[in-house]
Amino acid sequence: MAARRLPPGALTLKQFLRRQQVLQLYRKILRAIREVPAEQDRRYLKDWAREEFRRNKDATEEDAIRMMITQGNMQLQELQRTLKLAKS
């Protein structure tokens with residue numbers, strides 16, 4: 001049985017899974033931003049999130065990507081806590 005070769009530019013399984021983590025984080029952040037009551041704040045946060053992800057889209061170093069995901073999750077948790085406090 002001949003070994004299959006991946007086409008150039010194809011993601012490895014590890015890269016694919018990491019990409020899925022990043023996309024999931026992005027979607028969670030955008031969902032949380034929808035809960036922000038003020039339209040101007042929502043717009044600002046949405047633009048900020050887009051710019052952050054866009055700025056780091058070409059990152060390839062595994063440790064750096066993992067660190068950015070961790071930071072993104074911490075920022076998401078902080079936003080969720082702030083929104084929860086604002087509602088109560």
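Student: Which residues lie nearest the centre of the largest pocket?

Tutor: This is a predicted model, in which local features need pLDDT of at least 70 and side-chain atom pairs count only at pLDDT 80 or more, while totals for chains, interfaces and linings use all residues. Residues are numbered from 1 along each chain as its sequence is written, and side-chain values use heavy atoms, with hydrogens and water left out. A pocket here is an open set of points on a 1 Å grid over the protein atoms alone, where a 1.4 Å probe fits, with protein on both sides within 12 Å along at least five of seven lines, and a lining residue has an atom within 4 Å of a point. The largest pocket is lined by 29 residues, and those nearest its centre are V22, F53, N56, K57 and I65.

Student: Which helix gives the largest share of the lining of the largest pocket?

Tutor: Helices are DSSP runs of H or I with at least four residues, numbered from the N terminus. Three elements, α1 (13-33), α2 (39-55) and α3 (62-87), each supply at least two residues of this lining. The largest share is eight residues, and the element that supplies these is α1.

Student: Is I65 buried or exposed?

Tutor: I65, one of the residues nearest the centre of the largest pocket, has its place in helix α3. Buried means under 20% relative accessible area, exposed means over 50%, and partly exposed is in between, as found with a 1.4 Å probe on protein chains only. Because its relative accessibility is 16%, I65 counts as buried.

Student: Which residues does I65 contact, leaving aside its neighbours within four places in sequence?

Tutor: Contact means that heavy atoms lie within 4.5 Å. As a guide to how the chain folds back, the C-alpha atoms of I65 and R19 are 46 residues apart along the chain, yet they are separated by 9.5 Å. With its sequence neighbours within four places left aside, I65 is in contact with R18, V22, A59 and T60.

Student: What does R18 touch, not counting residues up to four places away in sequence?

Tutor: R18 has its place in helix α1, and because its relative accessibility is 16%, R18 counts as buried. Once residues up to four places away in sequence are set aside, R18 touches E62, I65, R66 and I69.

Student: How far apart are the C-alpha atoms of F16 and I69?

Tutor: F16 lies in helix α1, and F16 is partly exposed because its relative accessible area is 40%. F16 and I69 are 53 residues apart along the chain, and the separation of their C-alpha atoms is 14 Å.
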